[in-house]
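Thanks for making time this morning.

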Amino acid sequence: MSHLPELRYPSVTEIVSSAWALAAHRPDLCLLRQVGTSRAGRPLHLLSVGHARRAVLVVAGAHANEPTGGSTLLSLAERVLSRRELRRDTSWHFLLCADPDGASLHVTPAPRTLLDYHLGFFRPAGPEQPEWSPSVLPPDRLPPETRALTRVIDELRPYLQVTLHGTDLGGSWVQLTKDIPGLAEPFAKSAAELRIPVETAASDAAGWPASGPGVHVMPAPGSDAAYPSMPDDARHSTWYHAHRYGGLTAVVEVPMWASDLVDDPAPHPAPAAALRRLAHRLLTDAFQVEAVLRRALPRLPGPDGPLLRAAKWALELVPGLAADWSQAPPPDTTMAYVGSVDAFGRRIPLRAASMLLRVLQEFDDREAPHLEQLVAGWSDAFAERFRARWVPLENQVEHQARTVMAAARHARDSAA
């Protein structure tokens with residue numbers, strides 16, 4: 001696997017500092033303000049550029065383990081400031097980090113390998129994720145980060161919300177709550193120029209219609225879920241909040257490490273058997289992590305912290321997901337789809353093991369060395385299976401920024 005160049009992912013503090021500098025440089029165009037507070041008391045900041053009523057909202061940091069968005073957000077803000085035509089009839093608003101508490105716990109700013117990335121890994125349990133919590137919690141139990149985000153949407157009424165996401169290993173894809181005609185072409189062109197594969201059948205968008213390779217449109221409410229066991233539903237997330245004002249949301253995913261195995265559109269010769277094998281491996285891997293957890297749990301002090309809650313939540317997904325994969329495969333199953341499920345199935349137990357390992361290491365538990373071996377072995381096997389190659393950070397940022405600009409342009413034109 002290729003190594004990371006000198007660039008690294010900035011911390012939330014560094015992102016906020018850069019935003020302050022932009023606002024101080026152009027106070028006539030920029031405003032940086034606090035729009036909420038996290039559960040742990042950390043501020044949530046919004047940087048606004050321009051004064052037009054028509055608005056685009058860009059959200060970074062919704063998932064702590066997907067760090068590219070912070071750099072992309074700053075790059076976008078600088079572009080909007082330097083190009084008058086971008087703000088002639090549109091104001092741009094940047095939520096610097098939707099989950100600063102989570103960002104403080106994911107501690108891999110410069111991962112040189114997938115193992116490095118996982119040794120500092122954190123991704124909160126579903127109910128604690130700001131964009132996803134409305135799909136699993138009643139309104140009176142939503143975390144303050146979610147309430148802050150929805151207040152911003154209510155205030156700005158954006159015609160487009162873009163939320164910047166990423167994947168550890170794979171390709172790039174876009175998820176849309178409504179179609180944006182014309183987006184697929186510039187998205188594919190950017191990916192090709194920057195040597196980023198397009199993930200043509202991402203498991204995250206299983207069963208969704210596509211308006212072009214890697215550009216997926218969420219199915220209408222009432223449609224059957226591709227994975228019925230999954231507790232969350234994108235149609236109840238904050239992504240749909242913009243629909244109250246006639247807007248839509250685009251979710252732009254970009255990989256840290258790329259795999260050229262995720263864009264193969266050829267039909268899979270035996271998808272049912274392949275998915276059953278992946279379901280069996282998922283159960284087997286998760287069982288190994290659960291066994292370590294059972295042995296160590298009596299020695300761990302309570303109550304559970306965010307790392308242990310997240311590890312347990314990930315493991316709880318496994319039986320239902322394995323059962324989903326054991327059913328009849330989707331029609332026209334491609335090599336790319338089976339590859340995406342393969343990656344998904346490796347990811348869940350590896351993430352659970354990584355977060356549990358951090359807990360065990362904190363308390364110097366005797367199970368830690370064994371679990372560290374699992375994390376190392378699974379990380380290496382993941383990278384080897386998918387022939388992982390590092391995507392330079394500047395390419396991750398450039399592709400994500402280009403896709404945001406194209407989405408804003410085409411969504412505006414289609415609404416005109």
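This is a predicted model: local features need pLDDT of at least 70, side-chain atom pairs count only at pLDDT 80 or more; totals for chains, interfaces and linings use all residues.

Pro303 sits in the loop between helix H7 (271–296) and helix H8 (306–325), where helices (H or I, at least four residues) and strands (E, at least two) are DSSP runs, numbered from the N terminus. The peptide bond that leads from Gly302 into Pro303 is cis, with omega near -10°.

Residues are numbered from 1 along each chain as its sequence is written, and side-chain values use heavy atoms, with hydrogens and water left out.

Next, Arg157, in the loop between helix H5 (144–156) and strand S5 (160–170), is not a glycine, yet has a positive phi, near 50°. Asp364, in the loop between helix H9 (335–362) and helix H10 (368–385), likewise is not a glycine and has a positive phi of about 50°.

Now to helix H6 (residues 184–193), where Ala184, Phe187, Ser190 and Ala191 are buried, meaning under 20% relative accessible area, with exposed being over 50% and partly exposed in between (1.4 Å probe, protein chains only). On the other side of H6, Glu185, Lys189 and Ala192 are exposed.

What do the buried residues of H6 pack against? They pack against strand S6 (173–176), strand S7 (210–212), strand S8 (215–217) and helix H11 (393–415), contact meaning heavy atoms within 4.5 Å. Just after H6, finally, Arg195 takes a positive phi of about 60°.
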